[in-house]
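Biologist: Before any questions are put, please bring up the sequence and the structure so that both can be consulted throughout.

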Amino acid sequence: MSPDFDPIEAHLTMYMTTQAPHAIRTVIALVAGHVGLSEEKIRVIASDIGGGFGGKVPVYPGYVIAIAASVLIGKPVKWIEDRMENLQADSFARDYDMTCELAATKDGKIQGLRIKTLADHGYTDAAANPSKYPAGMFSICTGSYDYGVAFTEMDAVYTNKPPGGVAYRCSFRVTEAVHAIERMVDRLALEIGKDSAQLRMENFIKKEQFPYHSPLGWEYDSGDYGPALQKAMDIIGYDELRKEQAEKRKNGELMGIGICSFTEVVGAGPSKDFDILGIKMFDSAEIRVHPTGKAIARFGTKSQGQGHETTYAQIIAQELGIPDEHIHIEEGDTDTAPYGLGTYASRSTPTAGAAAAVAARKLRDKARKIAAYLLEVSEEDLEWEVGKFFVKGAPEKSKTIQELVFAAYTNHPQGMEAGFEATHYYDPPNLTFPFGSYICVVDIDKETGSIKIRRFVAIDDCGTIINPMIVQGQIHGGLTQGLAPAMFEELIYDEDGNMLNGSFMDYLVPTSVESPKWETGHTITPCPHHPIGAKGVGESPTVGAPPAIANAIIDALSHLGVTHIDIPITPLKVWNILVEKGVIEAV
Amino acid sequence: MANITVHINGVAQTLDVEPRLLLVHLIRENLNLTGTHIGCDTSSCGACTVLMDGRSVKSCTVYAVQANGKEIMTIEGLAQGGLHPLQEGFKEEHGLQCGFCTPGMIMRCVDLLERNPNPTEDEIRWGISGNLCRCTGYNNIVKAVEYAAKKMQGAEVPAAETVA
Ligand code: FES
Ligand code: FES
């Protein structure tokens, strides 16, 4: 980041890689307003910031020091964090030690869940958590299943690690929660000797139970879990795979199949429950249409490669009938964008995307008034078809949106405000609950413990899909990010607290070789409370992939009496198990 | 200080540089070509990949003085009167999200396709395994390279298939 303090104007411009430019501005004004950093004189500019994934939300000590330095010397200052510093001193995510108990009848009907967690938060809490949710949305841990009782408690501990608790590509602890329940369901299947897909099918919350009130207090908006799992099973050929596995076991070969049927909770969030430092978690859109019918739209969110420029333009194009290539999307400059809390927690489509639709609808209402005036009919006599209003029963009498916009500047009705722009701050009535079912097949080499993901099918349901290519791209990327903690990525410390793998030489980010060819698909269950039915998708794959992979690896070893392995599941861990179980001999 | 002449994107540049200066710093800081990125400090990520005499190198692992007398091509020099087929492929197949890895990834693939104009999926995956991408999960990068390979062999490439 690069703060540039102008001592004459007492103005601070900060070029920085932040996912939440407005929040950063307000935080600085709140803590340093009394020494002259007044909010109207702080401008945060985030242009192309690279991937964020939650790590670029918090305020880091380096920011504070760089700002102080710039204020002191009255010159621009640049603070760069190199990769080693990033790995060794940046805030981390996860590190939850969860002890889970699942109660069920003998034939596998789940009755209750209890989870106790010890959460490592380093020397201080790094998370920009919603104030009322110090443990984030961990209580989504009851998952996709219908049962009446659940209990969860969490102790956060301070350690001498860097700050912990960043919401890494998940809405504050959802990844951990989903890992717990999805591992437990597989554990139950193993215990009672039931197929894990069958067990899931029997316990799913049913379509007609939505909106569903979960035992820990969430209202799931909509879902239809069975078809998603069935689709994944059909694509991957589940029954044949189970047969193949049985054959292979007879020959001593190791093959496993793992399922994860997750329910996500995203789109934070409704102001009645969600705030950060007291600021409510709404988000915003401002659409300004120029006289010739071309538009600029600005948002409180900040894309890091999620394609907001495309998606938001599509939403507005759909609502207003202005071609998307004539809609310019702008984010990331606090001097021009309307206020919003930024992009993370899969919240952009649920909040700012909704704001775009509502703002566009306000403009459409205005266009209707102008059309009634120009066509000399009453508003009720007009009908909308994308791009124009026409008189009911007389479609030749019509006005295009471009004509109506032009009239808003050149010939607007008496008493109407001129111009054609609208802003909306969208406060979602509820969170959204995307879901999906993933199936992973692994083959394990007995001699080396090496694990090969043979296939991975991901069926996602994120409600209405705005742009299929972008949604699919988000899922591919999220799956690789889910593969990472399942098999590779871990920050390792020795007994004295020294970090042992602080560079990309030994902190293993998956490459194109470890990453399998992801197979994706979807079902569509629209969100009932979002203006266009969309739920958000970016985080689902990161949440859903780790348990699917872990379940597959453990399944490959389950006949040896293996019931659980902590992630990341490395070849060495598997090899040690194989030695311990007498499958191979250590030499 | 060492006096070197480097041909960057077809233009000869003569500069005095410290012998310890890395090529990536020469490119970014002395020549202001910031399309070449730095993503690590251990030669692991490939974000800094450029072409040196037509071969892809990680420019954080080459001294500027080693580039003396050589042809260097960065992402800024790739498009010649329209996008390079690889750039087009990345665009058509959604081969990038945040774009941080993309310049290095593309320069690596220029070399890859030069050596192997018709690679299999496996050859592409191994061929780009020195370049990390945090966003795309690689599926669409592979597709982008396949797109470019077809295009460079003169085939008509259909617009990206509709996704499932
Ligand atoms: S900067 Fe990472 S390989 Fe050069
Ligand atoms: S597109 Fe973001 S790192 Fe590759």
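Biologist: Into which domains is chain B divided?
Modeller: The model is predicted, so local features need pLDDT of at least 70 and side-chain atom pairs count only at pLDDT 80 or more, whereas totals for chains, interfaces and linings use all residues. Residues are numbered from 1 along each chain as its sequence is written, chains are lettered from A and ligands numbered from 1 in the order in which they are written, and side-chain values use heavy atoms, with hydrogens and water left out. Domain bounds come from an automatic or database domain assignment. On that basis, chain B comprises domain 1 (2–76) and domain 2 (85–152).

Biologist: How many residues of domain 1 of chain B are in contact with domain 2 of chain B?
Modeller: The C-alpha centres of these two domains of chain B lie 21 Å apart. Contact means heavy atoms within 4.5 Å. On the domain 2 side of chain B, 15 residues take part, and on the domain 1 side the number is 18.

Biologist: In what order do the elements of chain B run from the N terminus on?
Modeller: Helices (H or I, at least four residues) and strands (E, at least two) are DSSP runs, numbered from the N terminus. Chain B has 5 helices and 5 strands. Their order in chain B is β-β-α-β-β-β-α-α-α-α.

Biologist: What percentage of the residues in chain B is buried?
Modeller: Buried means under 20% relative accessible area, exposed over 50%, and partly exposed in between (1.4 Å probe, protein chains only). Among contacts in chain B between residues at least 6 apart in sequence, 56% join residues at least 24 apart. Of the 164 residues in chain B, the buried share is 54%.

Biologist: Is T14(B) buried or exposed?
Modeller: T14(B) belongs to strand 2 (residues 11–17) of chain B. Leaving aside neighbours within four places in sequence, T14(B) is in contact with N3(B), I4(B) and T5(B). The C-alpha atoms of T14(B) and N68(B), 54 residues apart along the chain, are separated by 9.2 Å. Because its relative accessible area is 53%, T14(B) counts as exposed.

Biologist: Turning to the other chain, which domains make up chain A?
Modeller: Chain A contains 13 helices and 21 strands. The C-alpha centres of its domain 1 and domain 2 lie 39 Å apart. The division of chain A is domain 1 (2–80), domain 2 (224–266 + 432–587) and domain 3 (275–426).

Biologist: What radius of gyration does chain A have?
Modeller: Along the principal axes, the C-alpha atoms of chain A fill a box of roughly 90 × 70 × 40 Å. Buried residues make up 58% of the 587 residues in chain A. In chain A, 75% of the contacts with a separation of 6 or more are between residues 24 or more positions apart. A compact globule with 587 residues would have a radius near 25 Å, which agrees with that of chain A, 26 Å.

Biologist: What is omega for the peptide bond from A268(A) to G269(A)?
Modeller: G269(A) is placed in the loop between strand 9 (254–263) and strand 10 (275–276) of chain A. The bond from A268(A) to G269(A) is cis, with omega near -20°.

Biologist: Is R169(A) buried or exposed?
Modeller: R169(A) is found in the loop between strand 6 (149–157) and helix 4 (174–192) of chain A. Although R169(A) is not a glycine, its phi is positive, at about 40°. With a relative accessible area of 6%, R169(A) is buried.

Biologist: How does D95(A) count by relative accessibility?
Modeller: D95(A), in the loop between helix 3 (83–89) and strand 4 (96–104) of chain A, is a residue other than glycine with a positive phi, near 60°. Its relative accessibility is 36%, so D95(A) counts as partly exposed.

Definitions and conventions. Rg over C-alpha atoms; globule rule 2.2 N^0.38 Å.
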